[in-house]
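Have the model open and follow along.

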Amino acid sequence: MRVLVTGAAGLLGGEVCKGLLGAGHAVTGLVHRNPTVCGNDGQALEIDTLAGDVSAPRFGWDADRFAEVAAAHDLLIHCAATVRFDLAEEAYRAVNVDGVAHALALADAGGMDFLHISTAYVCGVRNGTIDVHDPLPETGFANGYEASKAAGERWVRASTVRWAIARPSIVVGDYETGAIRQFDTTYAAFKLIAEGRVRQMPAREDGTLDFVPIDHVAEGIVTIANRMEDAAGGTYHLVSGQPLPVTAFARAIGSYPQFHAPHLVKPEDFDPASLQALERRLYKRVAGLYASYFQRDPHFSDAEFRKLSGRGCPPTGPAYITRLIDHCIDVGFLPAA
């Protein structure tokens, strides 16, 4: 199968490309600012690449180039997205909403199947069991990222191409080793917390975090791609399905003598203005962007993915969290004791 992967130079996109190659597919990676496509191990992949901008109509190509690329592929896996939480609405719309529409137009022009990579958190701030068949909320999102990903899903569901949707939760390091090739988003907040630069976090006593290994997510996407005939029209949670209590996460950090377990404060009692000046700035600029995830308790059902693939995510309890932290120490992202 000839597969075009948008966002191929990204963390997840690169690992998806690696998995597709391993499954014997011909892979083309769409790149934008970064021309190098790597797997999570950091090794460059030998694949064809195309430069393009998903936020532009026809990805910025002329009509002939657009038609040529469309005709040359059987499946488009749309990984490209901005995953930051601090952008203006127009920035989210350009990439996470309009970008989906532009990718769908390419798939439609070539008669391609379309596998869209969304997020489990399109559920918004709902708690309890979250099923893939639940209707997408119109409001109630924690940030512009979640809202834009939900809007992108609506484009996919309204399209005439044959589609499937994959929804990862909080993607972190490799299951066996904890390894991850770039530390951004969640890891940036984690570093500030572990090093004691942000000591307080507003958190529900029953709050949970759904950390999912990157290899489980990438393998899941490849599985859906391989089984598009059966997967078409379906939505699949690629999640741990084993939500980790926020209190257990805090304990795991505090079990290392060089780190500081965050002081978890009831949201109604938390006042950012009471923090010291530096901590207040760091909370506002980084850690606070992720605070809503400490105040939620969603339980994502992966029953549809298990039905399709016959497998789920391996255990992601405290031992896995320890592997993630150990890797951060081994590579110098976090300080050793």
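Let's begin with a cysteine: Cys-328 is buried, with a relative accessible area of 0%. Bear in mind that this is a predicted model. Cys-17 is in no disulfide either, as its nearest cysteine sulfur belongs to Cys-79. Cys-17 counts as buried too, at 0% relative accessibility.

| Cysteine | Nearest cysteine sulfur | Distance |
|---|---|---|
| Cys-17 | Cys-79 | 7.3 Å |

On to helix H5, residues 186–194. How many of the 9 residues of H5 are buried? The count is 7, so H5 is mostly covered. Just past the end of H5, Gly-196 takes a positive phi of about 80°.

H9 has come up as part of that cover, and here's its own side of the story. This helix spans residues 277–285, and Glu-279, Leu-282 and Tyr-283 are buried in it. Those three sit on the same side of H9, because they cover an arc of only 100° around the axis. As a rule, an α-helix has 3.6 residues a turn, so residues three or four places apart point the same way. The buried residues of H9 pack against H5 and against strand E9 (200–202). Turned away from that buried side, the other face of H9 carries Lys-284 and Arg-285, which are exposed.

Last stop: a helix pair. Helix H2 (residues 63–71) packs against helix H3 (residues 89–110) at an angle of about 70°, and their axes are 8 Å apart. The two are therefore roughly perpendicular to each other, and H2 passes H3 in a right-handed crossing. Which residues make the contact? From H2 come Phe-66, Val-69, Ala-70 and Ala-71, while H3 supplies Ala-105, Leu-106, Ala-109 and Gly-110.

How values were computed. Residues numbered from 1 in each chain as written. Predicted model: local features only at pLDDT ≥ 70, side-chain atom pairs only at ≥ 80, totals over all residues. Heavy atoms only, no water. Buried < 20%, exposed > 50% of the residue type's maximum accessible area, 1.4 Å probe, protein only. Helix = DSSP H or I, 4+ residues; strand = E, 2+ residues; numbered from the N terminus. Arc of directions from axis to C-beta. Contact = heavy atoms within 4.5 Å. Disulfide = S-S within 2.5 Å. Axes fitted to C-alpha atoms, helices over the stretch in contact; angles between N-to-C directions. Parallel < 35°, antiparallel > 145°, perpendicular 65-115°, else oblique. Left-handed = near helix turned anticlockwise from the far one by under 90°.
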